[in-house]
Amino acid sequence: MQEINGVSYLTKQIWTDATWLRFLSLNELGFFLMLIAGVLVLTFVLAYGTFVVWAERKVAGHVQDRLGPMRVGWHGWLQTLADGIKLMMKEDIYPTLADKPLFVLAPPIVFLSAFVGYAVVPFSQNAQMADLDIGVLYIMATASLGVIGLIMAGWASNSKWPLYGAMRSAALTVAYGIPLGLSIIPVLMVAGSLSMQDLVQSQNGGILHWNFFRCWPFMPLAFIIFFISNLAETNRVPFDIAEAESELVGGYHTEYSGVSFSVFFLAEYAAMYLACAVTTTLFLGGYLPPDLSGIPLILSLALLGIFLFWRFKTFHDRSQVSEAIFCAILVAAITLLWGVWPYFFWFLAKTGVLLYLMLHLRWTLPRLRIDQMMYMCWKVLTPVAFINILGTGLWWMWITGIPKNWWPY
Amino acid sequence: MLFDYLSVVVLLVLGLANIFGMMVLPKLLRPHNPTAQKLVAYECGENPIGTSWLQYNVRFFVVALVFIIFDMEIVFMFPWAVVFKEVYATSGPLPLIEMAFFIAVLAVGLIYLWVEGLLDWIRTIR
């Protein structure tokens, strides 16, 4: 456990230095801080989830030469909120043949399995709920519990389409868990810890110290395997046979309606962001800035200027208020984050890039067949990941040299 | 140390509260008017024939079985990877050689599955 871990450190201090805080019950104060951190994380997940749904629809629209949502708010940025309200007003339907307890329990389980992982996501040096010393293992364990919820949903619906979807998603998630786990091992070898803060700190010292840029070609290979496996784990295209709209009606959530359906979606986007956060932490230096001495700052400010200039040129009088709010939030958030909390800004920027990659892949790649996926998983990714581990070991040997008198016999 | 794990419980409870707020509280807002037609399982407009709690293709079971075997071995690799640097500093390439043996054993298993055809999704009867 580190000293740098803000919230957790604070609670620990209050927990241990009990003497000077006689007026407050110590358990209560520590618990209170933890609760605030938890509420912040929940707010972040909900806000980011709604944002990503909107972003996905916009990306989809522009990839297909459409505009995407345009009505609710400036360029439809409030669309997800409106959809959420609409879904809450919808009747929830429990099919007569369904196993009702399982049917009701499935969406919460899927959501919680993704959400609980956020306890160890290092948003910044100080913004992390708890720096568990088994961080990565914990996230892998909780995230893979989601498949139980999916199978429950598919089985409890007592309908053919959900069953197909659940079985497919179970096979897929389970199979791709192997390359996922194996591609983490090289990072752990280099970092020597499972704690998320340690993993980030081991990449300190500029962009060339990030795991992705070390140890060529083994680390980039691990990154690619990890990214592909994450796409499969979160049931994203090109691995979305579990909810393939054009062959299975809706996959495991065919029978769900209203809020239960939206909980599934929220869970999917929460899992997506979690995957991006873990990828960033493991391979892209987490919250650490790339340290190119001001170049990205100037570049991004120039981009922001160009964006505002373009907005000024094509100014419509329609929905000006909403646009003004959107732009104000954007500019304020960027400047505030950059100035006050650069670590958090860089974390958001890196995860944002990865998320965009996921969204763009969805609308550019065709769906794979299940036999192609299984081929990819067992006969390509798994052997490559095995070789990758040994290769990273050899790289470490080459970098550090062999210590003298290493042979003990 | 142990106190940190309390935050996991806190997050779990908050997630449950969020689910409760999303799924149960809007019950006050939304209509509730179930009809027999509405509650039929969706099968593209037809009435569903039979139950769907059926026996399913065994290939999915094989995937789960292979997963459990390999996942166990990944769990064995995690502690090794964490201490790799420390052990390397004193005993050099020994941990690497050991892991090479371990992976060789795994590779034998993988090759066996491969040759047996258990990794193929589309199987021919032999």
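For the helix names I used DSSP runs (H or I, at least four residues), numbered from the N terminus. This is a predicted model, where local features need pLDDT of at least 70, side-chain atom pairs count only at pLDDT 80 or more, and totals for chains, interfaces and linings use all residues. Residues are numbered from 1 along each chain as its sequence is written, and chains are lettered from A in the order in which they are written.

Pocket entry. I looked up who lines the second largest pocket: helices H4 (100-115), H5 (135-143), H6 (146-156), H7 (160-191), H9 (218-233) and H10 (258-283) of chain A, plus H2 (58-91) of chain B, each supply at least two residues. H2(B) gives the largest share, nine residues. The lining has 46 residues, and A:Ala143, A:Ser144, A:Val147, A:Thr173 and A:Glu233 lie nearest the centre. By class I noted 34 nonpolar, eight polar and four charged residues (nonpolar is Ala, Val, Leu, Ile, Met, Phe, Trp, Tyr, Cys and Pro; charged is Asp, Glu, Lys and Arg; the others, Gly among them, are polar).

Helix entry. H9(A) also packs against H13 (residues 342-362) of chain A, at an angle of about 60° with the axes 12 Å apart. That makes the pair oblique, because angles under 35 degrees count as roughly parallel, over 145 as roughly antiparallel, 65 to 115 as roughly perpendicular and the rest as oblique. I then checked the contact (heavy atoms within 4.5 Å): A:Phe223, A:Phe227 and A:Leu231 in H9(A) meet A:Leu354, A:Leu357, A:Met358 and A:Leu361 in H13(A). I put the contact residues down as seven nonpolar, no polar and no charged.

Methods: Side-chain values use heavy atoms; hydrogens and water are left out. On a 1 Å grid over the protein atoms alone, a cavity is a set of points where a 1.4 Å probe fits but cannot get out, and a pocket is an open set with protein on both sides within 12 Å along at least five of seven lines; lining residues have an atom within 4 Å of a point. Axes are lines fitted to C-alpha atoms, for helices over the stretch in contact, and angles run from 0 to 180 degrees between N-to-C directions.
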